[in-house]
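Reader: I would like to learn how to read a sheet and the core packed around it. Could you take me through one case?

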Amino acid sequence: MQKPIILLFAIGLMLLTLTSCMSKSDITQDELVRRAQQLADSVAVGDQNPWKKYFADDCLFFDEKGRNMNKAALVADITPLPTGYSGSIKIANAKSHIERHIAILSYDEDEKETIFGQEMTARYHETDTWMRRNGQWQIIASQVLRYYEDPAPGKADTAKFAEYVGTYGLAPGNTLTVSTDGKLLYRQRGNRPKDLLIPEATDIFFRKGVEGRILFHHVDSGKVDALIDRRNNEDVVWKKIN
């Protein structure tokens, strides 16, 4: 009677081991972050080798510029920075979901770039989907987004603010007003709170945390006849009523 019990115990141990192996992955978040940092470090110097190694031949890559690239195009895009340029990318705030043959890593990329002594910064967010095939972990899909940042404020000619002040109409019953206290310029739609218009350049303004620009259009006589709400390089034109 001992043999069947021993056999059942052995089978149970095998099933437990198999289940454990099936539910766990052989890659960790730390290793994924290490590889992501290796890819980031290779950008400035134009080292294509990590990109050839870690991206699958059938990968999908979507960058912050809206480009959809296959592996060949992606690898070809990795070239050294021009003379006088240098930079670095730091991986931060990584989060992952890892299960058996799939691993998803989502993280921030803090970029610093120096262009002939001038310091530049940018922030991105990337999500990579890794898959284990034939015992090898590779990225099968990746998407990069750029965090929105307000442009650098400029100086406005406050003497021109009086020209901007007035009511602008988009359609009957749909208007906005532009006002000033002499030092600052505001835009208001209906009963909503006023939005501060921050100057970027002459006749060009933006709102804090809002992508796009507010431009004031002048006719040949120099009089303002419209407010232009520019979004993604397309214009919504508000005609000046009074």
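**Sheet and core**

Author: Gladly. Here six strands form an open sheet with mixed pairing, in the order S2-S1-S6-S5-S4-S3. Strands are DSSP runs of E, at least two residues, and helices are runs of H or I, at least four, numbered from the N terminus; two strands pair if DSSP finds at least two bridges between them. S2 (68-69) and S3 are the edge strands, each pairing on one side only. This is a predicted model, where local features need pLDDT of at least 70 and side-chain atom pairs pLDDT 80 or more, while totals for chains, interfaces and linings use all residues. Residues are numbered from 1 along each chain as its sequence is written, and side-chain values use heavy atoms, without hydrogens and water.

Reader: How many bridges join S5 to S6?

Author: Ten, and the two strands run antiparallel. Arg133 stands opposite Gln136 in S6.

Reader: Which residues have the most contacts inside the largest nonpolar core?

Author: In soluble globular proteins, nonpolar side chains tend to be buried together. A nonpolar core is a set of buried Ala, Val, Leu, Ile, Met, Phe, Trp, Tyr and Cys residues joined through side-chain atoms within 4.5 Å. The largest one here has 25 residues, and Trp51, Phe55, Phe61 and Trp130 have the most contacts inside it. H2 gives the largest share, four residues.

Key
Buried < 20%, exposed > 50% of the residue type's maximum accessible area, 1.4 Å probe, protein only.
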